[in-house]
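Thanks for coming. I will go through one structure today, and here it is.

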Amino acid sequence: MTVSDIGFFNSLADSITNTYQALQTTEGQLATGKQVVEPSDNPSSFAGAAELQTTVSAINNDNALASDAQNQLNATDGALSQAASALDSAIASANEGANGTLTAAQMTDIAASVQNDLTQVLASANFSYNGVYVFGGDRTLSAPFDSAGNYAGGGPGNSVTLSNGAQLQLTFDGQSVFGNATGGLIGTLQSLATALSSGNTSAVSATLAQLNTAVDQLAQTRAVIGAASQFAQTLSQNAQAQATSLTDSIGQLVDVNLAQASLQASQETTQANALVSLASAAAKISLVNVLA
Amino acid sequence: MSVNLLAIGLSGIEAAQAEIATTAANISNADNPNYAVESVPLSALAGPQGNSVGVEVGTAQAAQAPFLTADINQLSGVQAFNTALTQTTQAAQVYLEPGSGTDLGQSLQNLFNAFSNLSASPTDPATRQAVIAAAGQFASLAQQLSGNLNQTADTALTQLAPLVQQVNSLSQQVATLNAQITAAGSNGGSTAALVDQRNALVSQLAGLIGATGDASGNVAVAGVPLVSGTTPLTLSLTGTIGGPTVGVGLEVSLANGTVPVPSTSLGGTIGGLFTGASDILATRSAVDNFTASVATAINSQSALGYGLDGSTGNDLFLIPGGNGPIALNPAITVQNLPAASTAAGVPGDGSNASAIAALAGATGLDSSFPSSTPSQSYADIASNFGSQIANAQSGQQQAQASLDSLNTLAGSITGVSVNQQLTELIQYQQTLQAAGRAVQAASDSLSFLLTQLTY
């Protein structure tokens, strides 16, 4: 077969151009560290990476939310802990006032102590975290309890929902935890203070059972909050691990194998040099040169 | 006999000279891609007794590979089509890249994240403002992406007008050459150079619009004639650029009216531009449908909620025509953003915000992707567009490889090998010298005869 000069050199030029284009692509991958930058590089990997990236974004957001939730729940537990301490103090006062050995003046002093305990419980019940009144249920913009113990909150409480559907309750129905002016922990403390002030030992004794019930109620709430805090911590830790794993997966989809790409660049450089040498040598072996 | 010997030698000299001249022309055109190697047809001159009395020199003829030429032209059209399609669509896909600044997928996830945050802090003004900001950014990016894709398609289509002018200019030249070839042929002259020129023009038309030519010089595209014999037909651009679909087309003016040229059947650069613009606009439409679908779902849930001010029924997005591009509802404020799902008075309820955030995992919001979540749907739109580009790139590479092979094959038939020409030149020089010797021998013989007659 006859090989025309223009065909031969055009073919050679095309080969050199194609090799340099391939080398340019490989060097671009080495420079960026990515083999998939735009959709056409690898449509399937691009879509997979884009979807994983949004998942990572959601998980990172979940992590931040879970971490914030854990902080809020821990702070809430701190408030309940103070309420529990006040309750313990009030129970000790009730036991002391119920045995009938105290003078009227001593009963009045104990009543004042119980009033302080009540104030502490009300402060805990009106605990706010970053401006949110945690025990207001769904009404978190203002303090749920007034100084008389009347409850102005409402609703079961608000929860945050994470991207995987998991929920963490952040605000609670304060009335079910602390009662109100007419009952529950607050109401019982008010009754106790009144009974102590009036020196009514039988009435003081009658509050002990209610106070013990309040202890159980408070402990139960703290257990719920503690479990939620633990759950938030687990979610946060899992989210971090999951985000790391997914980021690795994204890397596998779009990152270049540096060792492989370096070797490929080396091979393409050698190929390009060989083609240029071939073109140079081919130009010298023309019959024109022989005849000359 | 002596007189015949002179004539025979002279014809040999003429033949060798013609061959040397043709070889010189071949060598001088060795780098001309539109030149087909020429040769001189020789035939024996018959004497009265049927014996050869010399050589007759014909008109130089160009080597031809008509089937290969047709295939090369077709592949040139395919290659140019895919090149234009690749370049056009690549200019658009940059807007779908994560680092493009119009990463709609990430922006939407940011919005869902903001609603998750709102579910945790439904009354916090900063968190509520963050939701409005995220919604505004999503709508803004949706508009930008839609506009950028539209602009890229329009830019591609604006390249058509000068290309159509080129087509008409080439058609005119082909028609003129057809007339010249006809005239030269009827006069018995050589048409090789003219046919070479015409082939080159038809090849350019193939690359421009995927036109095909026949042996008579007629040229057509998608079954519609561009050149009929010596008559060039005018190709025109119709319609206007802009709008949601390709608003321009092509037509050819014939004697009895105009004939539309189906743009979907075009090859070459013009066909690539049409297809590229169409693909981009289809992607833009898919993006608009996607954003409108997501915005509709968010609005539906949003309208069920209550704001801090107790208002309800508020849409977060405006969806003009129900099909985008979407916009943030300017009436939405920190106060009326509906995060709560229960009636006014319990503004700490973030369950409606949770319900909106949960849409991130809902499938089928965009009916074009019934089993995909929003992020999957958008990734699929980008991926589908990327696949179209990758196919065009692959088609371009395959056409180039096939073109290289065919050009090499055609070059072996019609191309010039300088080495071969030099070898033949030596041969023709020797033929010339031999023919000269024959004339010299005839001359010597005649001289000897004259000498004998004198003495």
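Let me start with a definition: two strands pair if DSSP finds at least two bridges between them. Strands here are DSSP runs of E of at least two residues, and helices are runs of H or I of at least four, numbered from the N terminus. This is a predicted model, where local features need pLDDT of at least 70, side-chain atom pairs count only at pLDDT 80 or more, and totals for chains, interfaces and linings use all residues. Residues are numbered from 1 along each chain as its sequence is written, chains are lettered from A and ligands numbered from 1 in the order in which they are written, and side-chain values use heavy atoms, without hydrogens and water.

Chain B has an open, antiparallel sheet of three strands, in the order β9-β10-β11. At its edges are β9 (234-239) and β11 (257-261) of chain B, each pairing on one side only. Six bridges join β9(B) to β10 (residues 248-254) of chain B in the antiparallel sense. Thr238(B) is opposite Gly249(B) of β10(B).

Now the interface. Contact, meaning heavy atoms within 4.5 Å, links 37 residues of chain A with 53 residues of chain B. How many salt bridges are there between chain A and chain B? The count is zero, taking a salt bridge as a side-chain nitrogen of Lys or Arg within 4 Å of a carboxyl oxygen of Asp or Glu. On the side of chain A that touches chain B, α2(A) gives the largest share, 12 residues.
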